[in-house]
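Please look at the sequence and the 3D structure below. Then read the questions and answers that go with them.

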Amino acid sequence: MTGTEKKYWIKNAHGDGYCPNQSLFRMLTAAGFAFPSANVLEVGFGHGADLKECARRGANVSGIDINAHDVETMKGYFSDQNNQNFVCLDIGNSPLLNAGLKTEKFDLILMMDMIYYLSDEEKSFAIKNLSRSLSDDGFILIQTIRRDLVLGTPVGIDDIPDFSAIESKALENLSEKDNPMDYTPPSAIIDMCRRANLKNMAKKMTLESYGNSEDFFRCKTYLMFSPET
Ligand SMILES: C[S@@+](CC[C@H](N)C(=O)[O-])C[C@H]1O[C@@H](n2cnc3c(N)ncnc32)[C@H](O)[C@@H]1O
């Protein structure tokens with residue numbers, strides 16, 4: 001991404017009103033991830049609701065984000081942690097090891113709804129960078145958008161939609177004009193992770209209608225990786 005495009009997230013901090021992602025915690029639980037005392041890092045945590053939920057489950061949490069306001073908000077929320085766990089950093093071009101985080105190895109690294117804000121080159125850099133900070137039996141979980149879907153013909157409230165008839169569009173066609181998403185198919189993310197010696201050990205997909213319309217659906221993919229042994 002260019003400097004101009006990065007400005008979107010540098011200037012747009014999150015507000016209140018977010019809640020943890022249930023699909024994420026369901027997947028981690030199914031994978032047997034143990035939260036108590038685990039070191040968890042979220043890259044691009046934004047509102048931080050998932051990190052707060054990890055902490056509630058007993059994990060030690062850290063986070064990096066390109067938005068300084070979101071970082072300050074999280075430092076304030078976790079004020080008992082002497083403020084070495086949250087750092088303002090561009091993961092697309094800055095090594096994590098020099099970021100000044102108190103923890104160096106993580107049992108879980110989350111990249112939720114953020115990887116498409118990096119160019120392909122930055123994605124590869126970030127994944128390699130993060131893989132070096134993963135513990136030997138740790139996980140990296142990347143959640144990305146697979147497709148946006150529009151229901152062509154509205155259905156009655158008691159009818160089951162005919163999903164074979166929906167119009168399927170790649171993300172780039174439907175994202176907000178100034179929100180600089182760089183769509184990358186999940187298979188390309190799996191390839192980049194493979195090049196960083198990470199193997200895909202679990203995946204799941206969700207399909208959810210958005211806002212308060214039954215016509216628009218977002219299909220998301222959750223990919224879980226562990227170090228190649
Ligand atoms: C759509 S929000 C996702 C927030 C949260 N992870 C979630 O799942 O709801 C994307 C987040 O990634 C952050 N971000 C974007 N580009 C980044 C970069 N190059 N390095 C670090 N964080 C970045 C933004 O500031 C923002 O907080």
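What follows is a set of questions on the helices, the ligand site, the core and some loop residues.

This is a predicted model, in which local features need pLDDT of at least 70, side-chain atom pairs count only at pLDDT 80 or more, and totals for chains, interfaces and linings use all residues. Residues are numbered from 1 along each chain as its sequence is written.

Q: In which strand does D65 lie, and is D65 buried or exposed?
A: D65 lies in strand β2; strands (E, at least two residues) and helices (H or I, at least four) are DSSP runs, numbered from the N terminus. A residue is buried if 20 or more other C-beta atoms lie within 10 Å of its own, exposed if 12 or fewer, and partly exposed in between, with C-beta atoms placed from the backbone. D65 has 27 C-beta neighbours inside 10 Å. Therefore D65, in strand β2, counts as buried.

Q: Which residues does D65 touch, not counting those up to four places away in sequence?
A: Two residues are in contact if their C-beta atoms, placed from the backbone, lie within 7 Å. Residues up to four places away in sequence are not counted. The residues that D65 touches are then G44, F45, G46, D70, V71 and C88.

Q: Which residues are the closest to the ligand?
A: A residue is near a molecule if its C-beta atom, placed from the backbone, lies within 6 Å of it. The ligand is surrounded by 17 residues. The closest are W9, G44, G46, M112 and M114.

Q: How many residues of the shell around the ligand are nonpolar?
A: Ala, Val, Leu, Ile, Met, Phe, Trp, Tyr, Cys and Pro count as nonpolar, Asp, Glu, Lys and Arg as charged, and the others, Gly among them, as polar. The shell has four polar and four charged residues. Its nonpolar residues number nine.

Q: Which residues of the largest nonpolar core touch the most other members?
A: A nonpolar core is a set of buried Ala, Val, Leu, Ile, Met, Phe, Trp, Tyr and Cys residues joined through C-beta atoms within 7 Å. In soluble globular proteins, nonpolar side chains tend to be buried together. The largest nonpolar core here has 50 residues. Those that touch the most other members are V43, I109 and I140.

Q: With which residues is I140 in contact, leaving aside neighbours within four places in sequence?
A: I140 is one of the core residues that touch the most other members. Leaving aside its neighbours within four places in sequence, I140 has contacts with I109, L130, L134, L198 and F225.

Q: Why do the buried residues of α3 line one face of the helix?
A: In helix α3, residues 49-56, the buried residues are D50, L51 and C54. The arc is that of the directions from the helix axis to the C-beta atoms. Seen down the axis of α3, the buried residues line one face because they fall within an arc of 100 degrees.

Q: Which residues are exposed on the other side of α4?
A: Helix α4, residues 68-77, has D70, V71, T73 and M74 buried. Seen down the axis of α4, these fall within an arc of 160 degrees, so they line one face of the helix. The buried residues of α4 pack against β2 and β3 (86-88). On the other side of α4, the exposed residues are A68 and G76.

Q: Against which elements do the buried residues of α5 pack?
A: In α5, K123, A126, I127, N129 and L130 are buried. Seen down the axis of α5, they fall within an arc of 165 degrees, so they line one face of the helix. The face turned away from the buried side carries the exposed residues D120 and E121. The buried residues pack against β1, β4, β5 (134-150) and α7 (186-195).

Q: What is the phi of D113?
A: Most residues other than glycine have a negative phi. D113 is found in the loop between β4 and α5, and counts as partly exposed, with 17 C-beta neighbours inside 10 Å. Although D113 is not a glycine, its phi is positive, at about 55 degrees.

Q: Is S37 buried or exposed?
A: S37 is in the loop between α2 and β1. Its phi is near 70 degrees, a positive value in a residue other than glycine. Because S37 has 9 C-beta neighbours inside 10 Å, it counts as exposed.
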